[in-house]
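Hi,

Here is the structure I promised to pass on. Have a look at it first, and my notes follow below.

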Amino acid sequence: MASTLSIHDWFNRKQEQKSAYSRERLDIPGNVWVKCFKCGQAIYAKDLEENSKVCPKCQYHFKLTSAERIRQLADKESFKEIDPNLTSKNFLNFTDSKSYTARIEDSILKSGLKDAIKTGLAKINGYDVALGIMDFSFMGGSMGSVVGEKIARLIETAIEHKYPVIIFSTSGGARMQESIMSLMQMAKTSAVLGRLRETGLPYISVLTDPTTGGVSASFAMLGDVNIAEPNALICFAGPRVIEQTIRQKLPAGFQRSEYLLEHGMLDIVVDRNLMKETLTKLLKFFKN
Amino acid sequence: MTQKIKRPLLAFEKPLVELYEKLEKLQEMSDSGKFDMTEEIKHMEKRIEAVRQQLYTSLNPSQVVQVARFIQRPTALDYFGLMFDDFVELHGDRNFGDDPAMVTGIATLDGRSVIVMGQQKGHSTKENLARNFGTAHPEGYRKALRLMRLAERYNKPIISLVDTPGAYPGIGAEERGQAEAIAKNLREMAELTVPFISVITGEGGSGGALGIGMGNKVLMLEFAIYSVISPEGCASILFRDAKRANEAAVAMKITAKDMLELGIIDEIVKEPLGAAHQDPKLAAKYLKSAIIKNLNPLLSLTARELIADRYNKYRKMGIFNE
C-alpha cells in the first residue's frame with residue numbers, strides 16, 4: 001500500500017505536469033523565452049539558466065537533470081563518475097502495457113542516461129565528496145536494482161576514501177517493474193548507510209521535487225543533515241492516495257518542504273542558488 | 001456429536017460447497033439415529049480433504065492473495081498466544097502514543113526469553129477498525145524500534161511477524177514522519193546486535209512490511225504474499241485498470257515460492273491443509289518449529305557476526321547488468 005500511494009500520486013502528477021514539463025523542454029533550445037510553470041512569467045531562457053533554473057519572479061525551482069545539477073555543484077571538471085555502465089535488467093520478464101525491457105531502452109534513448117542516478121567522486125569548493133544525483137527524467141527517478149546498487153557502491157567508495165556522502169534525491173518511489181527486488185533496495189541502501197555511520201563519516205541528504213515512497217522511506221530521510229529545495233513534494237504516501245483514504249481535504253502546503261520543516265522533519269530548506277554555499281559550510285563543519 | 005463444520009468461505013473454494021452440503025445431510029441422518037452413516041461420513045470427509053488438497057496445491061497468485069488477506073487468517077496476537085509462553089504486551093513509543101496496529105512485547109519461546117512484534121489485523125470489521133487494518137503509523141514503527149533496543153540491551157533475540165497491507169497513508173502519519181520512521185528502522189535493523197528472525201505471515205505490503213522485516217533469516221508462510229505494491233495498486237498504475245489486479249499479481253511474482261526463488265526469503269513454512277485459518281494451532285506449531293530451527297544457529301554468533309550476516313544478506317540483493 002505504502003509505495004502504491006506515492007507512485008500512484010507521482011503518476012498523476014506526472015500527467016498533470018507533462019504539458020508544463022515539455023513546455024520547459026521545448027522552449028529552451030528553440031525559443032528564447034520560457035514560461036514559468038508556476039506563475040506564468042515569461043523568462044528569458046538565458047536568464048533562467050543563469051539563475052540555476054529558478055524563476056526570478058516566483059522562485060519556482062524547475063527540474064534539473066543530473067548533468068545540470070553536477071554542473072551547478074561540482075568544481076569544474078572535478079566530477080569523476082563511478083559505475084557508469086550498470087543497466088537495469090528485466091529479470092521478472094515484466095510486461096504491462098509495454099515490456100520493462102522496452103521501457104528501459106526507451107528511457108535510455110530519451111534521457112541519454114543509463115538509469116535514474118549518476119554517482120561519482122567530486123570536489124565542492126575544494127572539499128572531496130562522494131556525490132550521488134538522481135534524475136527524474138529516467139523512469140520518474142524510480143529505484144530499482146541499479147539505483148540501489150549504485151548508491152551502495154557510492155557509499156562503499158566513500159568509506160574507502162574517507163569522504164563524506166551527499167545524495168540528491170528525486171524519485172516517484174520504488175520501481176514496480178522490479179517488484180520485490182525494488183523494495184529490497186530500501187533495505188540495502190539503509191544497511192550501507194548504517195555502515196557509513198559506524199565509520200563516522202557524514203551523510204548529507206538533499207531532497208528535491210519530488211522525493212516520495214521507497215526513496216523517502218530509506219536513504220533520503222537518513223541524512224545527518226536533511227536539506228530540501230523549496231516547495232518540493234516530500235512524502236511517504238502521495239496526497240491523492242491520502243485524500244482517497246481519508247476523504248478529507250488536505251491542509252495547504254501539505255507535504256511540501258516548508259511544511260516538513262515546520263513539522264521537524266527537515267534541518268533546512270535551501271534555495272538552489274545558495275545550495276553550493278550551504279553544502280560548503282556543512283562540509284567545512286564536518287571536516288574541522 | 002455433530003462437529004461444527006467449517007464452511008468454505010473463499011470464492012475459489014466453491015467446489016467444496018456441494019460436498020459440504022452432502023456431508024451435513026449425512027450427519028443429520030446419522031444424528032437422527034435411524035441409520036448408521038459412519039462409513040459414509042468418513043468417506044465424504046476424505047473426499048472433501050482430497051478436493052481441498054487439490055485446490056490448495058494449485059492456487060494461482062490472486063487466489064493466494066485472497067488467502068493471505070482472509071479475515072479468519074491467524075493474526076500476530078493469535079500466533080503469540082499459540083507459540084509463546086508468558087507473552088506480555090508492552091505499549092507505546094515513549095514519544096507520541098501507542099499504535100494499536102503494531103503489537104510488541106516480551107515472551108518465552110521454548111524456554112528462551114524473546115522480544116516479539118508484529119502488525120495486528122482484526123478478525124471482524126470492528127476489530128479491524130480498532131487496529132487500523134494492520135496499517136501502522138510512525139509511532140508503531142518507533143514502538144517496534146524501542147523494543148528492538150530493549151532486546152539489544154538485554155541480549156534477547158527478536159521475532160517479528162509481518163502482516164500488513166502497508167504503512168498508514170494519512171495526514172498525521174505524514175506529519176509525524178512515516179518515511180523517516182520506516183527509513184530509520186531499516187538502518188537500525190541492519191545494525192542490531194542480537195539474532196533477528198522475521199516471518200511474513202500474511203500480507204507483506206511494501207515499506208510498511210519491510211519496516212519490521214529485516215531479519216537475519218526471513219521466513220514466509222506458504223500462503224503469504226510479499227510485494228512492493230498491492231496487485232490493485234500496480235494494476236491501476238501500470239495496467240491503467242485496478243480490475244486487472246489478477247494479471248498484476250501474476251506479473252509481480254508475490255508468492256512464497258517466488259520469494260524463495262528470488263532469494264528474498266530463506267524458508268517457506270508449511271501451512272495446514274486448507275491454509276492456516278483451517279487449523280491455527282497446527283499452523284502455529286509448524287511456525288514455532290521453523291523459528292526455533294532458524295534461530296538456533298544464530299544464537300552462537302557474536303554481535304559483530306550477526307551484523308555482518310545481515311549486511312551481507314541485504315547488500316547482495318539486486319539483479320542488473322554490468
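In chain A, 52% of the 288 residues are buried, where buried stands for 20 or more other C-beta atoms within 10 Å of the residue's own, exposed for 12 or fewer and partly exposed for anything in between, with C-beta atoms placed from the backbone. Please keep in mind that this is a predicted model, in which local features need pLDDT of at least 70 and side-chain atom pairs count only at pLDDT 80 or more, while totals for chains, interfaces and linings use all residues. Residues are numbered from 1 along each chain as its sequence is written, and chains are lettered from A and ligands numbered from 1 in the order in which they are written.

Chain A has ten helices and eleven strands; helices (H or I, at least four residues) and strands (E, at least two) are DSSP runs, numbered from the N terminus. Of the contacts in chain A with a separation of 6 or more, 69% are between residues 24 or more positions apart. Two residues are in contact if their C-beta atoms, placed from the backbone, lie within 7 Å.

Now to the packing of helices. In chain A, the axes of helix 5 (residues 145-161) and helix 6 come within 9 Å and cross at roughly 10°. Axes here are lines fitted to C-alpha atoms, for helices over the stretch in contact, and angles run from 0 to 180 degrees between N-to-C directions. Helix 5 of chain A and helix 6 of chain A are therefore roughly parallel to each other (angles under 35 degrees count as roughly parallel, over 145 as roughly antiparallel, 65 to 115 as roughly perpendicular and the rest as oblique). Among the residues that meet are Ile151(A), Ile155(A) and Ile159(A) of helix 5 of chain A, and Val192(A), Leu193(A) and Leu196(A) of helix 6 of chain A. By class, this contact has ten nonpolar, five polar and three charged residues; Ala, Val, Leu, Ile, Met, Phe, Trp, Tyr, Cys and Pro count as nonpolar, Asp, Glu, Lys and Arg as charged, and the others, Gly among them, as polar.

Next, the cores. The largest nonpolar core has 157 residues, and Met220(B) and Tyr226(B) have the most contacts inside it. A nonpolar core is a set of buried Ala, Val, Leu, Ile, Met, Phe, Trp, Tyr and Cys residues joined through C-beta atoms within 7 Å. Helix 6 (residues 179-199) of chain A gives the most to this core, with ten residues. Leaving aside neighbours within four places in sequence, the contacts of Tyr226(B) include Ile180(A), Met220(B) and Ile254(B). A second, separate core of six residues includes Val34(A) and Cys55(A).

How do the chains meet? Chain B has 53 residues in contact with 59 residues of chain A. Helix 8 of chain B supplies nine residues, the largest share of the side of chain B that touches chain A. That side divides into 28 nonpolar, 15 polar and ten charged residues. Ser88(A) has Phe320(B) as its bridge partner.

Within chain B, strand 2 and strand 3 (residues 112-119) are antiparallel, with eight bridges. Their hairpin has two residues between the strands, and Asp110(B) takes a positive phi near 55° there.

Finally, some backbone details to check. Asp209(A) and Pro210(A) are joined by a cis peptide bond with omega of about -15°, and Pro210(A) is found in strand 8 (residues 203-212) of chain A. Arg247(A), although not a glycine, has a positive phi of about 50°; Arg247(A) is exposed, with 7 other C-beta atoms within 10 Å.

Best wishes

Technical notes: Pairing = 2+ DSSP bridges.
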